[in-house]
Amino acid sequence: MAVVRLRETITQCLQEAQSDSDELKEQALQTLASITKVNPQNRNLLAQTDGAISTLLTLFLSYSPILQTLSLSILFNLSLNPNLKQTLADMETIYHLNAMILTSTSPESSMLAASLICSLAMLDKNKAKFGVAGTIQSLVKAVSGPCGPAAHHFLSSLAELVQFHGNCTVAVRSGAIQVLIGVVQSTDGEDLAGTSLGILGLLARFDEGLKALIKTDHIVSSMLEVLKGRCMLSKEGAVEILLRLFEESEGCVRDALRLPEFPSVLADLSVRGSGRAREKSCLLMKKMTEAEFDTYSNGSPLLFKW
């Protein structure tokens, strides 16, 4: 009986959401947002109702910020059901989400749009769609602008998308490396830096990303500054990146050997860091010791003493 009443409520709300009254539309969407906020079964019932998703997508394009935000909230709620992610990720919707990221004047709408992208991208089959549709370029451009309330949401979405190799290539070619390094070096927030370093670590798993990082000016000294900071998440990201750089580039190791602070910072991290940071910093110390020994064996003076 409860399900029957719920279906009736959903049908009535959808009818009111298509009325000419913005007040009725708002009330209807608020009810649907409440219905779908927690219960997965309710989300399926709404999605299975004829015309429900198309109505929500139409309202998502509304010029009314309130209607836009409410419809986005409902679509995000629906996207939490794994069985609905593929249906919701059609190309037209993705294009509109891209546009909203770049043009919306409402921080709440921007955050919801980014959250919806991130949720839909959690289905691996959807990741390539976003790469083809230009979402990565949109996110990189959004992150490159002034830091706003939605910045962390943009970065989280980008982090989800670049777990797919093809999207890493798109990100690198879209200038993501320089943009993310800029976020790391800024003073807008250590949480943003930590997420950015995590993305850089994901990009460094593949050849194009790693080469782009190696070519970045002062990349080793930039990572040293991160290691000297307070955020442990950022430090973990930095040591991961440094390990990849050292494994691929002797030049990066030489750059580190020229920095007098490097050994003491690594030594401190190997004792006082998190478990992951301690492990990685010890590996870095070993690589630098081996490189220093090789330099000394070849007749060059020691660059520094541990």
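Predicted model: local features only at pLDDT ≥ 70, side-chain atom pairs only at ≥ 80, totals over all residues.
On a 1 Å grid over the protein atoms alone, a cavity is a set of points where a 1.4 Å probe fits but cannot get out, and lining residues have an atom within 4 Å of a point. Residues are numbered from 1 along each chain as its sequence is written, and side-chain values use heavy atoms, with hydrogens and water left out.

The protein has 20 helices and 0 strands, where helices (H or I, at least four residues) and strands (E, at least two) are DSSP runs numbered from the N terminus. Its C-alpha atoms fill a box of roughly 85 × 35 × 30 Å along the principal axes. Of its 306 residues, 51% count as buried. Buried means under 20% relative accessible area, exposed over 50%, and partly exposed in between (1.4 Å probe, protein chains only).

An unreviewed UniProt entry lists residues 7-34 as "coiled-coil region". UniProt positions are given in the numbering used here, feature names are shortened, and annotations may be inferred rather than shown by experiment.

The largest cavity is lined by Ile53, Leu57, Leu75, Leu88, Asp90, Thr93, Leu116 and Leu120. At least two residues of this lining come from each of helix 4 (52-60) and helix 8 (107-121). By class, the lining comprises 6 nonpolar, 1 polar and 1 charged residues; Ala, Val, Leu, Ile, Met, Phe, Trp, Tyr, Cys and Pro count as nonpolar, Asp, Glu, Lys and Arg as charged, and the others, Gly among them, as polar. One of the lining residues, Leu88, lies in helix 6 (residues 85-88) and is buried at 6% relative accessibility. Between Leu88 and Val172 there are 84 residues in sequence and 27 Å in space, C-alpha to C-alpha.

The structure holds 1 aromatic pair. Rings of Phe, Tyr and Trp (its six-membered ring) pair if their centres lie within 6.5 Å, with planes under 30 degrees apart counted as stacked, over 60 as edge-to-face and the rest as tilted. The ring centres of Phe246 and Phe262 are 6.5 Å apart and the planes are at 40°, so the pair is tilted. It links distant parts of the chain, with Phe246 in helix 17 (residues 232-248) and Phe262 in helix 19 (residues 262-272), 16 residues apart. Phe246 is buried at a relative accessible area of 6%, and Phe262 is buried at 0% relative accessibility.

A search of the whole structure finds 0 disulfides, a disulfide being a pair of cysteine sulfur atoms within 2.5 Å. For Cys147, the closest cysteine sulfur is that of Cys231, 15 Å away and too far for a bond. Cys147 is partly exposed, at 40% relative accessibility, whereas Cys231 is buried, at 15%.

His218 has a phi near 55°, a positive value in a residue other than glycine. This residue lies in the loop between helix 15 (207-214) and helix 16 (219-227), and His218 is exposed, at 62% relative accessibility.

Notes
1 Å grid on protein atoms, 1.4 Å probe; cavity = no way out; pocket = protein on both sides within 12 Å on 5 of 7 lines; lining within 4 Å.
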